[in-house]
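I opened my notebook to go through one protein.

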Amino acid sequence: MTSPHPHTIYHQPALQRFCQVALVFAGFVLLAGGETTSNQAGMAFQTWPLSNGSLNPAGWLSDLKMFLEHSHRLLAGTTTILTIIAAVWVQRTETRTWVKRIAWILVGTIIAQALLGGARVLFDNTNTHATNDNVAHIFAVCHAVVAQVTICLWVTLTVAVSRGWMVREVGARLIAPNVRKWGHIACAILFLQILVGAIMRQFGYSFAIPTFPWATIDHSLLPAEWTWPVIINFAHRFGAICATLALSGLAASVYTHEGARRQLGSWMTLVLCALVLQISLGAEIIWTNKNANVATFHLLTGAFLLASTWLVTFLSYRSKWWPPSLAD
């Protein structure tokens with residue numbers, strides 16, 4: 001990342017508030033999408049982008065599956081509009097080139113997200129009459145993963161236009177590069193973990209290993225046989241261990257550096273709490289035979305974990321861009 005020009009930027013409170021609202025809407029889109037998948041409501045309508053050819057399809061308020069899917073579409077459409085408004089606002093008022101680029105990348109990402117969601121519907125075997133639903137599931141996995149990228153981009157843009165990012169603190173200390181290194185490692189592992197989790201969720205592999213924490217009923221750490229669903233399921237469990245180790249490394253790098261601890265310590269504690277909650281929810285999915293609400297909460301917590309880890313990583317660049325020599 002290159003340094004911005006510190007003398008050409010100014011804080012816009014209205015833009016910051018608008019981005020915060022849009023970020024909340026993006027979170028609700030993820031919630032609605034998670035509930036749609038958890039309740040197997042993704043094909044409540046076989047048409048897209050309109051639901052049964054209408055923005056207000058008959059019976060959608062009284063039928064749970066129709067309500068979940070149509071609410072997801074309405075929230076997604078609203079968030080797309082908010083994203084375009086934010087991007088135009090940024091282009092007209094911002095002087096930082098990298099912030100402008102993030103805004104346009106966000107627009108492209110959210111449009112891709114919408115198209116992937118539509119493809120998941122249009123390529124379902126109820127529409128294509130294919131012998132299996134693999135193509136639709138692949139689009140669904142991509143749709144789920146790009147949603148995580150969208151949330152992280154919204155976090156980046158919201159932080160970049162915030163007063164906390166722009167105002168230089170007197171005596172601010174540079175954060176050790178080790179924090180950024182561990183942050184990037186943790187984000188990469190969490191992203192891969194979410195990808196594997198999306199494959200497992202969309203293809204129905206959640207109970208390929210039906211016991212937890214053991215892989216078999218006789219308390220073995222390894223599965224008795226290795227089929228493709230078992231491999232994906234086991235990879236997701238192994239990924240949780242890798243993510244825990246990476247986040248532990250990030251936490252150690254934050255807590256052992258005075259500048260990082262002062263600026264990022266509170267956020268890092270929140271990340272660790274989210275990690276504990278996420279592991280607990282993963283276990284609860286098995287123990288409750290995949291309760292729909294638990295599965296959705298697991299998805300949301302995973303998204304929060306990735307976004308908050310990225311937030312810590314992104315914030316670690318702030319003191320690098322606003323060095324103490326300029327702040328004092």
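My entries follow, from the whole chain down to single residues.

**Entry 1: the model.** I noted at the start that this is a predicted model.

Entry 2: I looked up the secondary structure. I found 12 helices and zero strands. I then read along the sequence and wrote down the pattern α-α-α-α-α-α-α-α-α-α-α-α. The radius of gyration is 21 Å, close to the 20 Å that the globule rule gives for 328 residues, so I noted the protein as being as compact as a globular protein of that length.

**Entry 3: extent and contacts.** I took the box along the principal axes. The C-alpha atoms fill roughly 65 × 55 × 30 Å.

Entry 4: What share of the 328 residues counts as buried? I got 48%. The accessible surface comes to about 15,800 Å². Carbon and sulfur atoms own 68% of that surface.

**Entry 5: charges.** I listed 20 positive and 12 negative side chains. The centres of the two sets are 15 Å apart.

**Entry 6: what to look for in the backbone.** I reminded myself that most peptide bonds are trans, and that most residues other than glycine have a negative phi. I went looking for exceptions to both.

**Entry 7: cis bonds.** Where does Pro49 sit? I found Pro49 in the loop between helix H1 (13–38) and helix H2 (64–93). The peptide bond from Trp48 to Pro49 is cis, and its omega is near 10°. I noted another cis bond, from Phe212 to Pro213, with omega near 5°. Pro213 belongs to the loop between helix H7 (177–202) and helix H8 (228–255).

**Entry 8: positive phi at His219.** I stayed in the loop between H7 and H8, which also holds His219. His219 is not a glycine, yet its phi is positive, about 65°. Is His219 buried or exposed? I checked the relative accessible area, which is 52%, so His219 is exposed.

**Entry 9: positive phi at Asn289.** I moved on to the loop between helix H9 (258–287) and helix H10 (292–315), where Asn289 lies. Phi of Asn289 is near 55°, a positive value in a residue other than glycine. Its relative accessible area is 59%, so I marked Asn289 as exposed.

Notes
Residues are numbered from 1 along each chain as its sequence is written. This is a predicted model: local features need pLDDT of at least 70, side-chain atom pairs count only at pLDDT 80 or more; totals for chains, interfaces and linings use all residues. Side-chain values use heavy atoms; hydrogens and water are left out. Helices (H or I, at least four residues) and strands (E, at least two) are DSSP runs, numbered from the N terminus. The radius of gyration is taken over C-alpha atoms; the globule rule is 2.2 Å times the number of residues to the power 0.38. Buried means under 20% relative accessible area, exposed over 50%, partly exposed in between (1.4 Å probe, protein chains only). Accessible areas come from the Shrake-Rupley method with a 1.4 Å probe; for residues, only the protein chains shown count as cover. Lys and Arg count as positive and Asp and Glu as negative; His and the chain ends are not counted. The place of a charge is taken as NZ of Lys, CZ of Arg, CG of Asp or CD of Glu.
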